[in-house]
Amino acid sequence: MRRALELARGAEARGEVPVGAVIVRHGVVLGEGSNRTIEDADPTAHAEVVAIRAAAALEGDWRLLDTTLYVTLEPCTMCAGAIVLARIPRVVFATYDPKAGMGGSIENLLQDARLNHRCAVTSGVLANEASAMLKDFFRSRR
């Protein structure tokens with residue numbers, strides 16, 4: 001999660017919403033990313049999607065089995081869907097997103113029993129640091 005927070009700080013320095021994500025298998029980073037929606041002019045360039053694309057390209061496979069995704073903010077609907085489709089078995093996120101979160105805030109798409117894949121979810125890892133970064137970012141924009 002510390003690496004994800006570093007990536008989030010990098011996004012903030014570029015004027016992006018400070019969110020970072022890292023995909024790991026057995027201690028080896030397969031992919032990482034931070035929000036790039038503004039610089040890429042791409043609404044799908046969320047940190048999780050950037051990290052999933054990098055890991056899938058490295059692996060040469062869309063299935064990211066036996067991995068853990070660490071992300072500084074609870075995944076949104078799009079990202080939760082991508083996580084489920086990539087078959088990522090475990091998601092660890094720092095802070096909840098009460099307005100868009102799909103890991104338990106609004107709904108829990110990551111663990112929806114109607115889907116063919118569900119993730120183990122851990123929340124609250126370095127939550128204070130991630131939450132403060134996001135609050136400071138949005139406060140400075142107002």
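Which residues are buried in H3? I started my notes with that one.

**Ground rules.** I am working from a predicted model, where local features need pLDDT of at least 70, side-chain atom pairs count only at pLDDT 80 or more, and totals for chains, interfaces and linings use all residues. Residues are numbered from 1 along each chain as its sequence is written, and side-chain values use heavy atoms, with hydrogens and water left out.

**Helix H3.** I found Ala47, Glu48, Val49, Val50, Ala51, Ile52 and Ala55 buried in H3. Buried here means under 20% relative accessible area, with a 1.4 Å probe and protein chains only. Helices (H or I, at least four residues) and strands (E, at least two) are DSSP runs, numbered from the N terminus. I then looked up the neighbours: the buried residues of H3 pack against strands E1 (20-25), E2 (28-34) and E3 (68-73), and against helix H4 (77-85).

H3 covers residues 47-59, so at 1.5 Å a residue its 13 residues should span 18 Å, and the end C-alpha atoms agree at 18 Å apart. The expected span is 1.5 Å times one less than the number of residues. Just after H3, I noted glycine 60 with a positive phi of about 70°.

**Strand E3.** Next I turned to E3, where five of the six residues are buried. E1 and E3 run antiparallel, joined by four bridges; strands pair if DSSP finds at least two bridges between them. Valine 22 has tyrosine 70 in E3 as its bridge partner.

On to E4 (residues 90-95): five bridges join E3 to E4, and the two run parallel. Threonine 68 stands opposite arginine 90 in E4.

Conventions
Buried < 20%, exposed > 50% of the residue type's maximum accessible area, 1.4 Å probe, protein only. Contact = heavy atoms within 4.5 Å.
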